[in-house]
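Welcome, and please take a look at the structure below.

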Amino acid sequence: MTKTLIKGGTVVTAIDQMEADVLIDGGKVVALLGREHTVEADEVVDATGKLVIPGGIDVHTHMELPFGGTFAADTFETGTRAAAWGGTTTIIDFAVQTVGQSAMDGWEAWMEKARGNCAIDYGFHMITGDINDQTLKEMELLVREGVTSFKMFMAYPGVFYSDDGQIVRAMQKAAEDGATICMHAENGIAIDVFVEQALERGETDPMYHGIVRKSILEGEATHRAIKLAELTGAQLYIVHLSAQEALDEVIAARDAGLQVFAETCPQYLFLSLENLGNGFDGAKYVCSPPLRDRAAGHQDRLWRGLRTNDLQVVSTDHCPFCMGDHHTFGTQKQLGRGDFSKIPNGMPGVEPRMELLYSGGVEDGHISLNRFVEISSTTPAKMFGLYPKKGTIAVGSDADIVVFDPAATHVLSVDGHHMDVDYSAYEGWEMTGKVDTVLSKGKVIISDNAYHGSPGDGEYLARGLSQYTN
Ligand code: DUC
Ligand code: ZN
Ligand code: ZN
């Protein structure tokens, strides 16, 4: 077994900041040492002047997701490698059960896509697209396999959509098994009426995607999901929360003592409705929920929610589609030229998440350094049953560690990023702070601007139940 020492850095966890060296053996952290020690190791990582933080955990990615007649452009191989470059050492992706399919078969199909291809460790949530008696039984089996959270959609009628009755039944089962319901909370039935009316008026540009998917409809769906969770006793986690109306509902639920949680994503913190303008270029920014109007104050409210722990996690909803039409997976964003409702929904984001949160979050004064670690790694691990194996730097934890240079500056760009997509949503953005070295289970997989891992380094994580409480 190789002993590795990360030497000279400042170790930052969700709680502490300390001048310590980290000793790793057998892929795990075995000691945090004060500077005056005589311990020697086979390999030394010099972290002088740098931060030593737990590897990022992105609990919301969609590698190879079938959507809108195509597939998300990153495979498990390219997407997890890009994640590693950006300092993320664990992802939780979404396996899909389609209508008429068994949930177990869906999960096994996604296990097959990921097996032997991942650069970092991975787990799965299950998208339950067809709630019936068999699915309810399979939810229990899936929990035993480490799939302890189920995503449901109040949006996308005819595709992933579940009605309130299906949601109640799934929530009852989740409550029985201790599982978490992850909810895409947008009122898809109402949205589809606005979509149809906009298209009838000839409003076909990407901008209208942001206009028809009104923030009040995210607030309404969030309210309904919370009430159904309250009635059934299920733990509820609102995914990709973008609107202040939805945040208000989460705050009210938490104030009432309910086990209701929510994540937001960098695109909702840093970008806005204006990005959807500029003709078809706006297709780069089409995702659901949509980017929100800055003047209305959504972004400021999300930052405040992160500071007050009304929002607990920042994930990415990484779901990239190319602007050009030459990708292996075929024509992508171009499918929606002349009809915004046919633009595949999703944006690339798994790679820049940690750097965006450090530069635009910590450096710009929105959140503290400890809070950065908490929302990007520690709480994600606790929320989805991975702690303390993942999410911290402590004796016994997996040595998933990022050496982060807080002083290095660089520019985000499609030139040089590692996601398999032909644009960056943050093209030209100047970042302060850069991922320097990444270790996954003690192995250095990124250093000196090179990737040293291989597909198959990443292992499946059978997750426990949520360990997060109010
Ligand atoms: N939203 C997206 O933007 N893409 C994939 C699915 C989703 O809910
Ligand atoms: Zn969603
Ligand atoms: Zn998603």
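## Zinc site

Along the sequence, the donor residues of the zinc ion (ligand 3) follow the spacing H-x1-H-x254-D. This is a predicted model. In it, the zinc ion (ligand 3) is coordinated by His60 through NE2, His62 through NE2 and Asp317 through OD, at 2.0 to 2.2 Å.

Both of the histidines, His60 and His62, are buried.

## Surroundings of ligand 1

Let us turn to ligand 1. Its surroundings consist of Lys151, Phe153, Tyr156, His184, His240, Cys287, Ser288, Asp317, Cys319, Asn345 and Gly346. Sorted by class, this shell has 4 nonpolar, 5 polar and 2 charged residues.

## Polar contacts and burial

Which residue places a side-chain N or O atom 2.9 Å from an oxygen atom of ligand 1? That residue is His184. The backbone takes part as well: a polar backbone atom of Ser288 is 2.9 Å from a nitrogen atom of ligand 1, and a backbone N or O atom of Asn345 lies 2.8 Å from a nitrogen atom of ligand 1.

Taken alone, ligand 1 exposes 240 Å², and the protein buries 100% of that area. The space that ligand 1 takes up is the largest cavity.

Notes:
Residues numbered from 1 in each chain as written. Chains lettered and ligands numbered in written order. Predicted model: local features only at pLDDT ≥ 70, side-chain atom pairs only at ≥ 80, totals over all residues. Heavy atoms only, no water. Near = heavy atom within 4 Å. Polar contact = N/O pair within 3.5 Å; in protein donor to acceptor, adjacent residues only side chain to side chain. Areas by Shrake-Rupley, 256 points an atom, 1.4 Å probe, with all protein chains shown as cover. 1 Å grid on protein atoms, 1.4 Å probe; cavity = no way out; pocket = protein on both sides within 12 Å on 5 of 7 lines; lining within 4 Å. Sits in = over half its atoms within 2 Å of the grid points. Nonpolar A, V, L, I, M, F, W, Y, C, P; charged D, E, K, R; others polar. Donors = N, O, S within 2.8 Å, 3.2 Å for Na, K, Ca; no water. Buried < 20%, exposed > 50% of the residue type's maximum accessible area, 1.4 Å probe, protein only.
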